[in-house]
Amino acid sequence: MTLHAVVSPAAIDALPEYPIDADCRLDSHGFVQWEFRRWLSSDMRWNGSHECKSMWFELVNLAHSETPVGTLPRDMKRLARMIQPAVDCDHFERLCSTEYGPLHGWVPCRAGDELRLMHPVVTRIVTTAFASRANHAARVEAASHKRRLNRLTEDVASLAPVLAGDPRKIKWIDVFVQDRIQRHGRARRIVDDLHAGIQACIEEDRKGRFAKITQD
């Protein structure tokens, strides 16, 4: 199957589904992870012309701004215009018909209701970028949660020192307070939230929720 040929319904069903949703963006991602060792030993580097390699690298970079991120359109005229300076479409198609042309390694895929082009290395780079961003967000969230618990412990200690000495109770009060904040549509807790959380925790403690675990 050529990259820009008309694809039958049966052939469309057989195409791989692009793994990244069109709503996912990397707009704040200011760099592209480049697997230079893979590139140095790649067939494209060794066998592609300088002209084709230049266009290929241009399209790899442009794919990071496309939707879905990491894909390219199948329209040859559009691809030729995307490269700067713009390339004559007929010349671009002739280059793409060669084994190591500007679209070497790119294959058709399904992206929702649209047919796009994907490249396994670009897809892996984009997926890694999303994973890195998610890991960073998780670390930031964990640090923020730790700081919130520390502040809460200090505030509880000033009102109910016994409660502050038990991490289980602090975590329970935190969940209670955060739920109360959300229900009242506030951005942060107020004094009433803290008082309500402490009182509710005392009531739960009386019911035996935080009974000490004894070891035999």
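Biologist: What are the ground rules for the values?

Modeller: This is a predicted model, in which local features need pLDDT of at least 70, side-chain atom pairs count only at pLDDT 80 or more, and totals for chains, interfaces and linings use all residues. Residues are numbered from 1 along each chain as its sequence is written, and side-chain values use heavy atoms, with hydrogens and water left out.

Biologist: How many helices and strands does the protein chain have, and what makes a run count as one?

Modeller: The protein chain has 10 helices and 3 strands. Both are DSSP runs, numbered from the N terminus: helices are H or I with at least four residues, strands are E with at least two. Along the sequence the pattern reads α-α-α-α-β-α-α-β-β-α-α-α-α.

Biologist: How do you know that the span of α10 is close to the expected one?

Modeller: The expected span is 1.5 Å times one less than the number of residues. Helix α10, residues 191-206, has 16 residues, and 22 Å is expected. From first C-alpha to last, α10 reaches 23 Å, close to that value. G208 follows α10, with a positive phi near 95 degrees.

Biologist: Which residues of α10 are called buried?

Modeller: D193, L194, G197, I198, A200, C201 and E204. Buried means under 20% relative accessible area, exposed over 50%, and partly exposed in between, with a 1.4 Å probe and protein chains only. An α-helix has 3.6 residues a turn, so residues three or four places apart point the same way. Over the protein chain of 216 residues, buried residues make up 36%.

Biologist: Why is the count of disulfides what it is?

Modeller: A disulfide is a pair of cysteine sulfur atoms within 2.5 Å. The closest cysteine sulfur to that of C52 is in C96, at 7.5 Å, so this is too far for a bond. For C89 the closest cysteine sulfur is also in C96, at 9.0 Å, again too far. The count comes to 0 disulfides.

Biologist: Are C52 and C89 buried or exposed?

Modeller: C52 has a relative accessible area of 3%, so C52 is buried. C89 has 16%, so C89 is buried as well.

Biologist: What makes the W39 and W56 pair stacked?

Modeller: Rings of Phe, Tyr and Trp (its six-membered ring) pair if their centres lie within 6.5 Å; planes under 30 degrees apart count as stacked, over 60 as edge-to-face and the rest as tilted. The structure holds 6 aromatic pairs. For W39 and W56 the centres are 5.2 Å apart and the planes 15 degrees apart, hence stacked. This pair links distant parts of the chain: W39 is in helix α2 (residues 36-40), W56 in helix α4, 17 residues apart. Both are buried, W39 at 18% and W56 at 8%.

Biologist: How do you know that W172 and F176 are stacked too?

Modeller: Their values are 5.6 Å centre to centre and 20 degrees between the planes. Both residues lie in helix α9 (residues 167-183), 4 residues apart, about one turn of the helix. F176 has 24% relative accessibility, so F176 counts as partly exposed.

Biologist: Which residues do ring pairs link into a cluster?

Modeller: W34, W39, W56 and F57.

Biologist: What makes a set of residues a nonpolar core?

Modeller: The members are buried Ala, Val, Leu, Ile, Met, Phe, Trp, Tyr and Cys residues, joined through side-chain atoms within 4.5 Å. The largest core has 33 residues; L59, L72, L79, F92, L103, W106 and V126 touch the most other members. Its largest share, 5 residues, comes from α4. A second, separate core of 16 residues includes L152, I181, A200 and C201.

Biologist: Why is E66 called buried, and what does its side chain contact?

Modeller: E66 has a relative accessible area of 12%, so E66 is buried. E66 lies in the loop between α4 (50-62) and β1 (71-72). Its side chain makes a polar contact with the side chain of R116, at 2.9 Å. A polar contact is a pair of N or O atoms within 3.5 Å; within protein, one must be able to donate a hydrogen and the other to accept it, and residues adjacent in sequence count only if both atoms are side-chain atoms.

Biologist: Why is H119 called buried, and which residues does H119 touch?

Modeller: Relative accessibility is 7%, so H119 counts as buried. H119 lies in the loop between β3 and α7. Contact means heavy atoms within 4.5 Å. Leaving out residues up to four places away in sequence, H119 touches W56, H104, G105 and W106.
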